[in-house]
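Which charged side chains pair up here, and where do they sit? This short report looks at salt bridges and one surface patch.

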Amino acid sequence: GDSSMKRLYMRKDQERRGAITVLAALIAIVLIAMVAFCVDIGYVLSAKEELQRSADSSALAACWEYGQRIVNRSSPSSAMGYARTAAAQYASLNPVTSHGMSLDSNASNNPDGDVVFGYIADFKNSASPFVTNSPNGYNSVKVRLRKNSSINGKVPYFFARIFGLTGQALQEEATAGFLLEYEPGYLTVCARPADLERPDRQ
């Protein structure tokens with residue numbers, strides 16, 4: 001009787017150990033998934049900030065270059081050409097995930113392009129539209145930077161690759177505009193996109 005009771009207790013103890021082992025394995029998988037999520041999402045958010053900074057600097061550089069050329073009486077088409085070059089240069093000099101960015105200079109000024117010139121009637125009004133076919137000419141530049149499978153590559157995942165996920169596509173935009181004073185005729189204002197589009201961040 002005693003030996004059979006001992007065998008019963010041993011069998012139950014082994015079953016408990018087996019159940020605990022399975023439970024521990026499941027918890028380990030969940031913890032690994034959580035670590036993968038936290039690390040990779042943190043990396044993506046950091047890349048998003050870098051992408052926005054790069055777009056900001058590219059838009060400001062293009063705006064400044066365009067404004068200076070116009071003030072110095074260059075033709076609008078010539079000024080836009082120099083400004084597009086400046087946007088590309090600053091994008092390449094402000095790396096995202098340790099890589100310089102490339103963009104399409106968009107010489108045709110397609111509204112869906114990466115570098116687009118437009119006119120904003122009222123910089124103080126966040127609802128003022130960005131018009132790309134304005135008869136008043138241009139006073140602002142919008143720059144879009146992308147990281148996807150077609151240009152610059154996605155932001156890579158690290159731990160999430162375990163689950164078959166390779167990366168995240170990102171896109172950020174920035175708009176910069178200028179005002180001209182005709183007293184001496186020089187560039188007086190070149191605003192960040194946050195000042196134009198997000199008045200709550202002024």
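D114 and R146 are both buried in this predicted model. The two side chains meet in a salt bridge, 2.9 Å from N to O. D114 lies in the loop between α2 and β1 and R146 in strand β2, so the pair ties together parts that are 32 residues apart in sequence.

D114 also forms a salt bridge with R144 at 2.9 Å, N to O. R144 is in strand β2 (residues 140-147), 30 residues from D114. The relative accessible area of D114 is 1%, so D114 is buried. R144 counts as buried too, at 16%. Through shared partners, D114, R144 and R146 form one network of salt bridges.

The whole structure holds four salt bridges. Three of them are listed here.

| Salt bridge | N to O distance |
|---|---|
| D114 and R144 | 2.9 Å |
| D114 and R146 | 2.9 Å |
| E172 and K48 | 2.4 Å |

E172 pairs with K48, with 2.4 Å between the closest N and O atoms. E172 belongs to strand β5 (residues 170-181) and K48 to helix α1 (residues 2-71), so this bridge joins parts 124 residues apart in sequence. E172 is buried, at 9% relative accessible area. K48 is partly exposed, at 37%.

The surface also carries a nonpolar patch. Its members are I32, V35, V39, F158, F159, I162, F163 and L165, with about 740 Å² of accessible area together. F158 sits in the loop between β3 (155-156) and β4 (167-168). With a relative accessible area of 43%, F158 is partly exposed.

Key: Residues numbered from 1 in each chain as written. Predicted model: local features only at pLDDT ≥ 70, side-chain atom pairs only at ≥ 80, totals over all residues. Heavy atoms only, no water. Patch = residues over 30% accessible without salt bridge, like charges linked within 9 Å, V, L, I, M, F, W, Y side chains within 5 Å. Areas by Shrake-Rupley, 256 points an atom, 1.4 Å probe, with all protein chains shown as cover. Helix = DSSP H or I, 4+ residues; strand = E, 2+ residues; numbered from the N terminus. Buried < 20%, exposed > 50% of the residue type's maximum accessible area, 1.4 Å probe, protein only.
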